[in-house]
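Subject: Structure for your study

Dear colleague,

Please find below the structure that I am handing over to you.

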Amino acid sequence: MGDIICGICREKIKREPIKKNFGEKFMSYQYLFDSDYICERCYERLKNNWFRYHSWYETKDMLFPKELKKDEVIKFLLNPPEKPFRAYLTKKKRKHGWILVMPYWETNRDVYRVAFEEEIVWVDRKEMREMVKFAKEMLEKGIKKREMLRGEIGWNSMKKIGEKYHEVSDKIKKLAGNPLWRMVMAWM
Ligand SMILES: [Zn+2]
């Protein structure tokens, strides 16, 4: 018999494997990888709702993940840890989206992935820095978040943008639907 791999973090299971059976309430089976077993650590995390109700990150040498408060998220993403890390971000606090990052340790601080709600989002730091700057400018002008997410600027906002309307509206149209943009807007 070969090594048993954890269906969540994909690491080899060193101690007693736990057969997957998370009960009827568990609705995140689609995130699990192809193994009938999970390791003890992942099992502990599944049982503990802290992991789905908070945004958090961890580095490879940390014993426990650290919570990321709402106003810390953008700063964290623009300046991630030097050591291998992974992060889960949630506002909805519903599902076990953190499962998605468990197989990965990020080592490239300039381009890396995080789990945001129930998807993997790739962060390009340079791109993100520009997005944050642009979003701040727009919010200061009084443009609504939902307009920026939808990519359609209403009449009132148009007037606020003024002369540069076409340029700005094209830019917002292009950004809408970009997962990184959606994530940035969520934490602005
Ligand atoms: Zn595991």
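A residue is called buried if 20 or more other C-beta atoms lie within 10 Å of its own, exposed if 12 or fewer do, and partly exposed in between, with the C-beta atoms placed from the backbone. Helices (DSSP runs of H or I, at least four residues) and strands (runs of E, at least two) are numbered from the N terminus.

Please note that this is a predicted model, in which local features need pLDDT of at least 70 and side-chain atom pairs count only at pLDDT 80 or more, whereas totals for chains, interfaces and linings use all residues. Residues are numbered from 1 along each chain as its sequence is written.

The chain as a whole

The secondary structure comes to eight helices and seven strands. Of the 188 residues, 27% count as buried. Along its principal axes, the C-alpha trace spans about 70 × 35 × 25 Å.

Helix α4 covers residues 125-141, and its 17 residues should span 24 Å at 1.5 Å a residue; the end C-alpha atoms are 24 Å apart, which agrees. The expected span is 1.5 Å times one less than the number of residues. Met-131, Ala-135 and Met-138 are the buried residues of α4. Seen down the axis, they fall within an arc of 65°, so they line one face of the helix; the arc is that of the directions from the helix axis to the C-beta atoms. An α-helix has 3.6 residues a turn, so residues three or four places apart point the same way. The other side of α4 carries exposed residues, among them Lys-126, Glu-130 and Lys-133. The cover over the buried residues of α4 includes α5 (145-150) and α8 (179-187).

Gly-142 lies in the loop between α4 and α5, and this residue takes a positive phi of about 100°. Is Gly-142 buried or exposed? Gly-142 counts as exposed because it has 11 C-beta neighbours inside 10 Å. Leaving aside neighbours within four places in sequence, Gly-142 is in contact (C-beta atoms, placed from the backbone, within 7 Å) with Ser-157 and Lys-160.

Helix α1

In α1 (residues 40-47), the residues Cys-42, Arg-45 and Leu-46 are buried. Their directions fall within an arc of 100° seen down the axis, so they line one face of this helix. Glu-44 and Lys-47 are exposed on the face turned away from the buried side. Among the elements that cover the buried residues of α1 are β2 (37-38) and α2 (50-53).

The nonpolar core

A nonpolar core is a set of buried Ala, Val, Leu, Ile, Met, Phe, Trp, Tyr and Cys residues joined through C-beta atoms within 7 Å. The largest one has 40 residues, and those with the most contacts inside it are Cys-42, Val-101, Val-114 and Ala-115. Helix α8 gives the largest share of this core, five residues. The core lies between domain 1 (1-48) and domain 2 (126-187), because both give residues to it; the domain bounds come from an automatic or database domain assignment.

Strands β6 and β7

Strands β6 and β7 pair in the antiparallel sense over six bridges, where pairing requires at least two bridges found by DSSP. Ala-115 has Ile-120 in β7 as its bridge partner. The two strands form a hairpin with two residues between them, and Glu-117 in the turn has a positive phi of about 55°.

Yours sincerely,
A colleague

Key
Two residues are in contact if their C-beta atoms, placed from the backbone, lie within 7 Å.
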